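Please open the structure in the viewer and keep the sequence at hand.

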Amino acid sequence: MLAAPVSTGPMDESLGVAAVDFSGRAAAVVNTQVRTRLVGDLQSELVDDFFEGFARGARANIHRKVLYGRSSHHKIEALFKAFARALRLACSRDKQLARMLPSTKGLL
């Protein structure tokens with residue numbers, strides 16, 4: 001992949017950003033800016049656990065960040081929305097990039 005697909009996820013007053021790269025190396029970086037222990041019935045720490053588990057299982061680099069927002073619920077929802085869009089982009093084929101080098105690994 002030339003670059004990790006990056007996507008934004010707006011949710012009301014919050015904005016999340018996510019990038020996904022199926023590189024074969026697992027890494028999960030998160031900045032949720034959620035300071036509450038519970039968001040509804042959800043323990044907010046489980047959001048990080050979900051993405052870390054996904055990264056390990058998929059052997060992918062996943063980066064997510066909330067840029068701004070007021071509601072913890074909206075921040076988490078914005079992250080999942082951005083992640084879903086980035087995941088869709090990372091799994092789709094781009095005909096315009098068909099002749100381009102898919103990776104620089106081992107060449108630099």
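How far apart are the end C-alpha atoms of H2, and what span should its 20 residues have? The end C-alpha atoms of H2 are 29 Å apart, which agrees with the 28 Å that its 20 residues should span at 1.5 Å a residue; the expected span is 1.5 Å times one less than the number of residues. Helices (H or I, at least four residues) and strands (E, at least two) are DSSP runs, numbered from the N terminus.

This is a predicted model, in which local features need pLDDT of at least 70 and side-chain atom pairs count only at pLDDT 80 or more, while totals for chains, interfaces and linings use all residues. Residues are numbered from 1 along each chain as its sequence is written, and side-chain values use heavy atoms, with hydrogens and water left out.

**The start of H2.** Select serine 71, which caps the N-terminal end of H2. One of its side-chain oxygens lies 3.3 Å from the backbone nitrogen of histidine 73, a polar contact (N or O atoms within 3.5 Å, one able to donate a hydrogen and the other to accept it; residues adjacent in sequence count only if both atoms are side-chain atoms).

**The rings.** Next, select phenylalanine 51, which is buried at a relative accessible area of 0% (buried is under 20%, exposed over 50%, partly exposed in between, with a 1.4 Å probe and protein chains only). The rings of phenylalanine 51 and phenylalanine 80 have centres 4.9 Å apart and planes at 35°, so the pair is tilted. Rings of Phe, Tyr and Trp (its six-membered ring) pair if their centres lie within 6.5 Å; planes under 30 degrees apart are stacked, over 60 edge-to-face, and the rest tilted. Because phenylalanine 51 lies in helix H1 and phenylalanine 80 in helix H2, this pair ties together parts that are 29 residues apart in sequence. Phenylalanine 80 is partly exposed, at 32%.

**The strands.** Now select strand E6 (residues 61-68), which pairs with strand E2 (residues 14-21) in the antiparallel sense over seven bridges; pairing requires at least two DSSP bridges. Aspartate 21 stands opposite asparagine 61 in E6. Strand E3 (residues 27-31) runs parallel to E6, joined by five bridges, and alanine 28 stands opposite isoleucine 62.

**Isoleucine 62.** Finally, select isoleucine 62; beyond four places in sequence, its contacts (heavy atoms within 4.5 Å) include Ala28, Phe51 and Phe83.
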